[in-house]
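Biologist: I would like to learn how to read side-chain packing from coordinates. Could we take the features one at a time?

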Amino acid sequence: MNEKALHILEYDKIIDKLTDLAHSEPGKEKCRSLAPMDDIDSVNRAQEETADAVARVLRLGRISFQGNRNLSFSLHALTLGSSLSQAELLHIAEVLECTLRVKKYGEKEHEEDPSDSLTSLFDALTPVPSLQKEIRRCLISEEEVADDASAELKNIRRSKITYNNKIHTQLNQMVNSTFHSYLQDAVITMRNNRYCLPVKAEYKNAVHGMIHDQSKAGSTFFIEPAQIVEYNNKLQELEAEEKEEISRILVSLSALAAEEVSPIEADCKVLTGLDFIFAKANLALSMNATKPEYQKEHFFEIRKARHPFIDPKKVVPIDLKLGEDYTLLIVTGPNTGGKTVSLKTAGLLSAMGQSGLHIPASSSSKMCIFRDIFADIGDEQSIEQSLSTFSAHMTNIISILKSADENCLCLFDELCAGTDPTEGAALAISILKSLKDRGILTMATTHYSELKVFALSENYVENASCEFNVETLSPTYRLLIGIPGKSNAFAISKKLGLPDEIIEDAKGEITETQESFEDLLAGLEKTRQELEGNRQTIEEERIRIEKLRQEYEEKNKSLTRKKEDILRKANEEAKEILEDAKDTADAAIRSYHKGGDIRTMEKTRAGLRDKINRRKDALSPAPSEKVTSKPLTAGEIKKGDYLEIISMKTKGYVHSIPDAKGNLILTCGIMQIRTNLSDVRTAVEEEEKIPKYESKKGSNYSGTFSKAKTISPEINLLGQTADEAVANLDKYLDDAYLSHLRSVRVVHGKGTGVLRNAVQKHLRKLSYVKSFHLGEYGEGDAGVTIVEFK
């Protein structure tokens, strides 16, 4: 794909961010080589891999690929029969450890779990634990071999320690007694890898032995006493034997590694691929990006697209559509209004998607494959090539016209600007008409009014504008497709303080047709804003009505369940009474046949009758309360009075006194209810009877339960361990459910995913949890879980 256009669209910055998220050097190298693909099957496969990696990260947490290395040189040396160094063998051990770790990460939690596009990659990993353990057993570091690497090496090092001790014992005797007065310093030193004593020059003949060195001043001679020469010789022999044994160990380890060259080579390749895929997943999570849908039809519709390099807190999502109803989109509006950003967003997201990267947009976005993307954005002026801005742009445009075809996307910023406006507009119209006739999808920004008229009069051409607030002199950055934009030069100049006479004089310089066209655009914009406001109001009302409908359905279902429970319990109790009556009757008949006492049977019958009457009284409705209070007036009601809403049979305290129409608000439990003066009456305030509970220690608890008034719809678990978080979450969810909250937010953060996994694992166990899901864009994203109760 066109590298110049990719650079203009800042695709290389996306690659830099992706590279930083890879853990291993081979993975980073694969990220650096990523380029857009033009085969739809390859793109869909890459997108599927990224989506599956995102799902695994959210479900299992992140995985590290530290330890993966490029072992091609070492493995090639093994195939040739060469012996590897300690460092090379340790690198192989690191790769094998990484393989084992990643293999465990990819294993299914349950046998029935479905497979995904990454399952085959994880299954292809072949850990070689025996080789990895043997290397780690023998090699401590790149400079040190373990004593237990072989029995021979252990014996050699034990002998070295013995002779070292003998040498030091004899030398210490010489230093402290025999040669004490002959020595420059009472120390033992080494020269030429042999132990020596620093002897004063005047006593060099008094100490028999070999002279290995002398100081620069000649005042000290370093002499190896004759008594330890044999020991030093033996020590040198042991050093040589140790080196030889270490070489033999390395040869042995290399031979073991040579037997596993094929699986190690395959593991390196798979680890590099997985590191690359999970880097794409982590990039998607960092951008809150989603998987686009690719189709063979040549059009795209990107919904709620966000430029990845604009602050997520400030970026305004835009909707981009091109190719289905129109192939040419002309974007107009004032400077700094977001026209160029819209162009770059369309081009960059297309390149990202074709590279297998998720795009920062809604998951319902549809994309198509472009063979190439061309962009003429920015100042192309070149002093060295004697090119003006217009000449440089025109040179680039000519190149684009030669190379582009119907499978390409062309982006032009300020097309044909920098020259005579009349000629520039005419050139721009001809260029755009040529691209449209060839079926090439094109987006262009301009200030030329002629291009706005061209878009209104031509088929398959559409106007678009970047919204601008003249009152605040600031853009809203919203892209409005179907409406041409105004440059607002006069309005902006007036707002900034340009004298009115200059503005009026300027208006006189434009033709009546041009002025009426701009006024038409202003009228269209005003009408659009009014319609947009009405649409938002209607949408809010629709959402409110839908919410009320759902609440009604839930209450209706709840009442139905309660009714069924009451009927079921009544039937069970009736059945129980009938069975008691039958048993009593049977017993009475048996007693009568046996000549039993009539008074006893009568007493039993009376007891049964009392039981039936008590059950009847319990099932009978309570008598209605008599209304004894007189109608209230507005002057009689004060804040805090205890009243009853007659129509709802609900009692509460006055929150606000009646207004001119007699409307007032009562606080009833956790709810505030608006009612009218005609629908309230005084009520007797009763003390809330709260049962006393006695703990195991004997202390009493009494008081009013106020959790329903104070429970928060959100709990923050950040900074807690998994065990602490689960314990606090469990208590909070119980309180929230008893307080009749419909849903709550659990804030656990993104992090490594450990806290999120613990939260979601606990939620699956709770019977009163209806459903839960990660927050969407604007709700906290993957750092928040939304919980809905039954």
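Biologist: How many aromatic pairs does the structure hold?

Modeller: A word on sources: this is a predicted model, in which local features need pLDDT of at least 70 and side-chain atom pairs count only at pLDDT 80 or more, while totals for chains, interfaces and linings use all residues. Residues are numbered from 1 along each chain as its sequence is written, and side-chain values use heavy atoms, with hydrogens and water left out. Rings of Phe, Tyr and Trp (its six-membered ring) pair if their centres lie within 6.5 Å, and planes under 30 degrees apart count as stacked, over 60 as edge-to-face and the rest as tilted. The structure holds twelve such pairs.

Biologist: Which parts does the pair of Phe-122 and Phe-278 tie together?

Modeller: Helices are DSSP runs (H or I, at least four residues), numbered from the N terminus. Phe-122 lies in helix α7 (residues 119-124) and Phe-278 in helix α11 (residues 261-287), so the pair ties together parts that are 156 residues apart in sequence. Ring pairs also link Phe-122 and Phe-278 with Phe-65 and Tyr-105 into a cluster.

Biologist: Is Phe-122 buried or exposed?

Modeller: Buried means under 20% relative accessible area, exposed over 50%, and partly exposed in between (1.4 Å probe, protein chains only). Phe-122 is buried, at 1%, and Phe-278 is buried, at 2%.

Biologist: Which residues of helix α5 are buried?

Modeller: In helix α5 (residues 72-79), the buried residues are Ser-74, Leu-75, Ala-77 and Leu-78.

Definitions and conventions
Helices (H or I, at least four residues) and strands (E, at least two) are DSSP runs, numbered from the N terminus.
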